[in-house]
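Me: I have a structure open and would like to go through it piece by piece. Can we start with a ring?

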Amino acid sequence: MTSFYDVPGEAGYFMNGEDYGFDGLSFILTETQAGGGPPLHTHESEESHIVLHGQVEYVIGDRRFTVEGPYVVRVPAGVPHTFRNAGMEPFNLIAVFPDKHLTYKELGKNPLVKPAK
């Protein structure tokens with residue numbers, strides 16, 4: 001798997017399914033620190049976030065909402081989205097994509113993350 005780090009506070013791994021023998025699945029595994037999250041972005045395929053524990057605030061298109069794990073979130077294909085760890089402890093998220101190759105287009109900063117002082 002290939003590792004990544006997004007400022008502030010999100011680290012993880014992504015796995016193109018085709019590299020591991022999958023015909024129609026790819027994955028991202030993350031650990032997100034309190035207050036952290038990825039940039040606003042899109043993917044060409046839909047995605048499912050499996051929140052195992054913790055409190056996560058989302059922006060998906062023009063919707064903004066908060067969930068408590070365990071929870072499953074659907075992100076439609078091509079829709080701008082991001083999230084922020086709204087809790088006090090790190091949380092892990094598993095993102096599942098019904099595609100053998102991940103796409104990722106960064107659109108800008110995470111609007112939920114407050115700038116560091």
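Me: Is F27 buried or exposed?
Reply: This is a predicted model. In it, F27 has a relative accessibility of 18% and counts as buried, because buried means under 20%.

Me: And F22, what is its relative accessible area?
Reply: The value for F22 is 32%, so F22 is partly exposed.

Me: How are the rings of F22 and F27 arranged?
Reply: They form an aromatic pair of the edge-to-face kind. The centres are 5.6 Å apart, with 70 degrees between the planes.

Me: Why is that called edge-to-face?
Reply: Because planes over 60 degrees apart count as edge-to-face, and the planes of F22 and F27 are at 70 degrees.

Me: What about Y58 and F83, how do their rings sit?
Reply: The ring centres of Y58 and F83 are 5.8 Å apart and the planes are at 50 degrees, so this pair is tilted.

Me: Where in the chain are those two?
Reply: Y58 is in strand β6, residues 55-60, and F83 is in strand β9, residues 81-85. Y58 and F83 are both buried.

Me: Which cluster do ring pairs make?
Reply: Ring pairs join Y58, F65, F83 and F91 into a cluster. The structure holds four aromatic pairs.

Me: What classes of residue line the largest pocket?
Reply: Nine are nonpolar, six are polar and three are charged.

Me: And the second largest pocket, what is its volume?
Reply: About 170 Å³. Its lining includes V7, P8, K109 and N110, and also the prolines P38, P39 and P115. By class, six of the lining residues are nonpolar, three polar and two charged.

Me: One more proline, P70. Is the peptide bond from G69 to P70 cis or trans?
Reply: That bond is cis, with omega near 5 degrees.

Me: Where does P70 lie?
Reply: P70 is in the loop between β7 (63-68) and β8 (71-75).

Notes. Residues numbered from 1 in each chain as written. Predicted model: local features only at pLDDT ≥ 70, side-chain atom pairs only at ≥ 80, totals over all residues. Heavy atoms only, no water. Phe/Tyr/Trp six-rings, centres within 6.5 Å; stacked < 30°, edge-to-face > 60°. Buried < 20%, exposed > 50% of the residue type's maximum accessible area, 1.4 Å probe, protein only. Helix = DSSP H or I, 4+ residues; strand = E, 2+ residues; numbered from the N terminus. Nonpolar A, V, L, I, M, F, W, Y, C, P; charged D, E, K, R; others polar. 1 Å grid on protein atoms, 1.4 Å probe; cavity = no way out; pocket = protein on both sides within 12 Å on 5 of 7 lines; lining within 4 Å. Points joined across faces, edges and corners; volume = space filled by probe spheres on them.
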